[in-house]
Amino acid sequence: MKWTELEAEPCSVARTVSVIGDRWTLLVLRECFLGVKRFEEFQERLAISRPMLVDRLHKLVEAKVLKKVAYQQTPTRYDYRLTPKGLDLHPVLMAIVHWGDIHMAGKAGRPLLHRHSGCGHLFDPVTVCSECRAVLSAREVTVEAGPGAQDTGHTQR
């Protein structure tokens, strides 16, 4: 399958990867969740080229993950803010952070800790069942065809 054809695949992973599936896009999203909104700050924090950053921001705006909000008129300058669709990517980024903290952190430990403002505790993101709230592991999940499925061979038999 070609990179440009991923968004048309009948697979949620492929469609998601078509939007956020490269390293620069994920790093731009990381910065958004850390509060970065302005082009210059993205560029400074990521050490990314202007054309690459323009491309990634444009793609995220086009996908309605970010929205441009003017903060200055002459010349017009924009903040890039997460939309509700973008905020829905938070669990995805947290899962990547958690994996990195467990498998990629150096001897000094995790580079950032996450605190739940509701209860005040540091936490590890976990995946739970939306129905019974039990913590899930990959071995406890099966897959079956849903209403949008096509015969792709991606479901368990």
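Biologist: How much space lies in the largest pocket?

Modeller: This is a predicted model, in which local features need pLDDT of at least 70 and side-chain atom pairs count only at pLDDT 80 or more, while totals for chains, interfaces and linings use all residues. Residues are numbered from 1 along each chain as its sequence is written, and side-chain values use heavy atoms, with hydrogens and water left out. A pocket, on a 1 Å grid over the protein atoms alone, is an open set of points where a 1.4 Å probe fits, with protein on both sides within 12 Å along at least five of seven lines. With grid points joined across faces, edges and corners, and volume taken as the space filled by probe spheres set on the points, the space in the largest pocket is about 580 Å³.

Biologist: Which residues lie nearest the centre of the largest pocket?

Modeller: A lining residue has an atom within 4 Å of a point of the pocket. The lining of the largest pocket consists of 20 residues. Those nearest the centre are Arg30, Leu93, Val97, Leu112 and His114.

Biologist: Which helix gives the most to the lining of the largest pocket?

Modeller: Helices (H or I, at least four residues) and strands (E, at least two) are DSSP runs, numbered from the N terminus. Helix 2 and helix 6 each supply at least two lining residues. With seven residues, the most is given by helix 6.

Biologist: How many residues of this lining are charged?

Modeller: Ala, Val, Leu, Ile, Met, Phe, Trp, Tyr, Cys and Pro count as nonpolar, Asp, Glu, Lys and Arg as charged, and the others, Gly among them, as polar. The lining has 13 nonpolar and three polar residues. The number of charged residues is four.

Biologist: What is arginine 30 in contact with, leaving aside its neighbours within four places in sequence?

Modeller: Arginine 30 belongs to helix 2. Its relative accessibility is 36%, so it counts as partly exposed, the class between buried (under 20% relative accessible area) and exposed (over 50%), with a 1.4 Å probe and protein chains only. Taking contact to mean heavy atoms within 4.5 Å, the partners of arginine 30 are Leu46 and Leu93.

Biologist: How is helix 2 placed relative to helix 6, roughly parallel or roughly perpendicular?

Modeller: Axes are lines fitted to C-alpha atoms, for helices over the stretch in contact, and angles run from 0 to 180 degrees between N-to-C directions. Angles under 35 degrees count as roughly parallel, over 145 as roughly antiparallel, 65 to 115 as roughly perpendicular and the rest as oblique. The two helices, with axes 11 Å apart, pack at about 105°. Therefore helix 2 and helix 6 are roughly perpendicular.

Biologist: How many residues in the contact of helix 2 with helix 6 are nonpolar?

Modeller: Helix 2 brings Leu26, Leu29, Arg30 and Phe33 to His90, Leu93 and Ile96 of helix 6. One of the residues in this contact is polar and one is charged, and the number of nonpolar residues is five.

Biologist: Which helices are among what covers the buried residues of helix 1?

Modeller: Helix 1 spans residues 12-20, and its buried residues are Ala14, Ser18 and Ile20. Their cover includes helix 2, helix 4 and helix 6.

Biologist: Is arginine 56 buried or exposed?

Modeller: Arginine 56 sits in helix 4, residues 50-62. Beyond its neighbours within four places in sequence, it contacts Asp22, Trp24, Thr25 and Val28. Its relative accessible area is 14%, so arginine 56 is buried.

Biologist: What does arginine 38 touch, not counting residues up to four places away in sequence?

Modeller: Arginine 38 is in the loop between helix 2 and helix 3. Its C-alpha atom is separated by 8.6 Å from that of arginine 77, 39 residues apart along the chain. Arginine 38 touches Tyr71, Tyr78 and Asp79.

Biologist: What is the omega of the peptide bond from threonine 74 to proline 75?

Modeller: Most peptide bonds are trans. Proline 75 lies in the loop between strand 1 (66-72) and strand 2 (77-82). The bond from threonine 74 to proline 75 is cis, with omega near -10°.

Biologist: What is the phi of lysine 64?

Modeller: Most residues other than glycine have a negative phi. Lysine 64, in the loop between helix 4 and strand 1, counts as exposed at 57% relative accessibility. Its phi is positive, near 65°.
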